[in-house]
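Subject: Structure handover and notes

Dear colleague,

I am passing on the structure below, followed by notes on what was found in it. Please read them alongside the coordinates.

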Amino acid sequence: VDANGVQIVSDQNDPPEVAIGFALTLDDGSKELWWIYRGKFAESETSAKTQEDKFEYQHPTVSARFERRIHDRALAAIVETSTLAADSTVEKNWFTAVYEPVESAVSQS
């Protein structure tokens, strides 16, 4: 941002990696909760159509690319709330922090 408060976009602006959490409502009213772990957004694109005296605003487009994490190759965590019989705190705390896998006793044996 320059002295006038104008943001300057250049190739020196390296966007940080992000994780995105969201919820989808399923037909039965339950939810499917998602965390997509590792991604970067590209620069947004804005366009407009002009024709004679008319100006038609076009909404900016945003795109991102998500990849598997390096340390565990995980891409996302997904759970349907209708299957949370064992631990209801998962849904309650879903958006407080990025969900990380918990090793189960079954996988330890």
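A polar contact here is a pair of N or O atoms within 3.5 Å, where within protein one must be able to donate a hydrogen and the other to accept it, and residues adjacent in sequence count only if both atoms are side-chain atoms. This is a predicted model, in which local features need pLDDT of at least 70 and side-chain atom pairs count only at pLDDT 80 or more, while totals for chains, interfaces and linings use all residues. Residues are numbered from 1 along each chain as its sequence is written, and side-chain values use heavy atoms, with hydrogens and water left out.

Arg 69 is found in the loop between strand E5 (64-67) and strand E6 (76-80), strands being DSSP runs of at least two residues, numbered from the N terminus. The side chain of Arg 69 makes polar contacts with the side chains of Asp 72, at 2.6 Å, and Glu 100, at 2.8 Å.

The side chain of Glu 32 does make a polar contact of 2.8 Å with the side chain of Trp 34.

Kind regards

Technical notes: Helix = DSSP H or I, 4+ residues; strand = E, 2+ residues; numbered from the N terminus.
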